[in-house]
Amino acid sequence: MAIKVIKVGEDILGANADQARLNQELLDQNRVFTINIMSSPGAGKTSIIMNTINQLKDKVKIAVIEGDVASSVDSEKINGLGIPVVQINTAGGCHLDANMVEGALKNLPLAEIDLLFIENVGNLICPNAFVLGEDRRVMISSLPEGDDKPYKYPAMFADTDIILLNKTDLQPYLDFNPDAFRKIVYSLNSDATIFPISCKTGDGLENWYSWLESEVVKKKGNAV
Amino acid sequence: MSLALDKAQEADAVKVTQINLVIGDLSGVVAECVQFYFDHISKDTAADGASLVFTNKPTQVRCHKCDSIFTPKDSDWSCPECHEMGMDIISGRECYMESIEVE
């Protein structure tokens, strides 16, 4: 039988992008400011989310979608703070995708939420390739990882809006060069905002909280 | 794979013999892994036994200052022409199906 070539030219992740648009529409209708938090394992995603909840929960209604390969350790911690949380276990998958988030959104009281954190699976390789329906992408990089990480994972650093540079309290013990880090980040992503922070001491977190509150207010369209 | 099967069905094809994919260095896609899982999930479908052919796209960036296009070195992302740092990634994120071959 004759072989026929059919031109396709379609993104393999197109189905994910379509679902992400639907997620975004749903979140927009409910005016939920949504953040996709990405980092390597252990950079401080859960600590930042928990500090932020403790700081803002009296002013902002927060919910969390927790993505992990396995276990519900993180969601139990967040649940302990009285915040709606949905755990997604990817069963080996190394990132969240828009379908998984769609399922989680069905289990959240969106009309009652101002701010949604989606904590992605700890991984610097592929989570950035899967849009979820978020308003902003926040990446956490921490000093012990080294200042050369943007060279190794350029797409992750290029595709993020905010970089929280965590564990600045460890600077006296490490060779991390903040200027070298900033230089390579800005060369890849001149629009990125970097907030140096320490979840341990609280240094710098006020800048993160202020940014977050102002974005929530913008999305709500009125004062929180 | 559903994309390939949909396109084959639209063309009234009975069998997919080859799938041509374009994968960038920054896409996070590993050809060997795709092949391994494809062989598994394509069993008993119209794409069973199809060859996957990968075209690799290297990372390329365009310098903000002088518009030179280059592939950055491991730990030196400055422009080889003007030595400035500041660039847009213009290639390397690709992850798409270019075409399929069907019978």
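In the predicted model, the buried residues of helix 7 of chain A pack against elements of both chains: helix 5 (149–152), helix 6 (154–158), strand 7 (162–166) and strand 8 (193–196) of chain A, together with strand 5 (87–91) of chain B. Helix 7 spans residues 178–188, and its buried residues are Phe181(A), Ile184(A), Val185(A), Ser187(A) and Leu188(A). These residues lie on the same side of helix 7 of chain A, because the arc they cover around the axis is only 165 degrees.

Within chain A, 7 strands form an open sheet with parallel pairing, in the order 4-3-5-2-6-7-8. From one strand to the next, the twist averages 20 degrees. Strand 2 (residues 33–39) and strand 6 (residues 136–142) of chain A run parallel and are joined by 5 bridges; Ser39(A) of chain A has Ile140(A) in strand 6 as its bridge partner.

Between the chains, 25 residues of chain B are in contact with 25 residues of chain A. On the chain B side, helix 1 (2–10), strand 5 and strand 6 (95–102) each supply at least two residues, and strand 6 of chain B gives the most, with 8 residues. This side of chain B comprises 13 nonpolar, 6 polar and 6 charged residues. Strand 6 of chain B also runs antiparallel to strand 1 (residues 4–11) of chain A, with 6 bridges joining the two. Among the residues paired here, Ile6(A) has Ile100(B) as its bridge partner.

Definitions and conventions: Residues are numbered from 1 along each chain as its sequence is written. Chains are lettered from A and ligands numbered from 1 in the order in which they are written. This is a predicted model: local features need pLDDT of at least 70, side-chain atom pairs count only at pLDDT 80 or more; totals for chains, interfaces and linings use all residues. A residue is buried if 20 or more other C-beta atoms lie within 10 Å of its own, exposed if 12 or fewer, and partly exposed in between; C-beta atoms are placed from the backbone. Helices (H or I, at least four residues) and strands (E, at least two) are DSSP runs, numbered from the N terminus. The arc is that of the directions from the helix axis to the C-beta atoms. Two residues are in contact if their C-beta atoms, placed from the backbone, lie within 7 Å. Ala, Val, Leu, Ile, Met, Phe, Trp, Tyr, Cys and Pro count as nonpolar, Asp, Glu, Lys and Arg as charged, and the others, Gly among them, as polar. Two strands pair if DSSP finds at least two bridges between them. Axes are lines fitted to C-alpha atoms, for helices over the stretch in contact, and angles run from 0 to 180 degrees between N-to-C directions.
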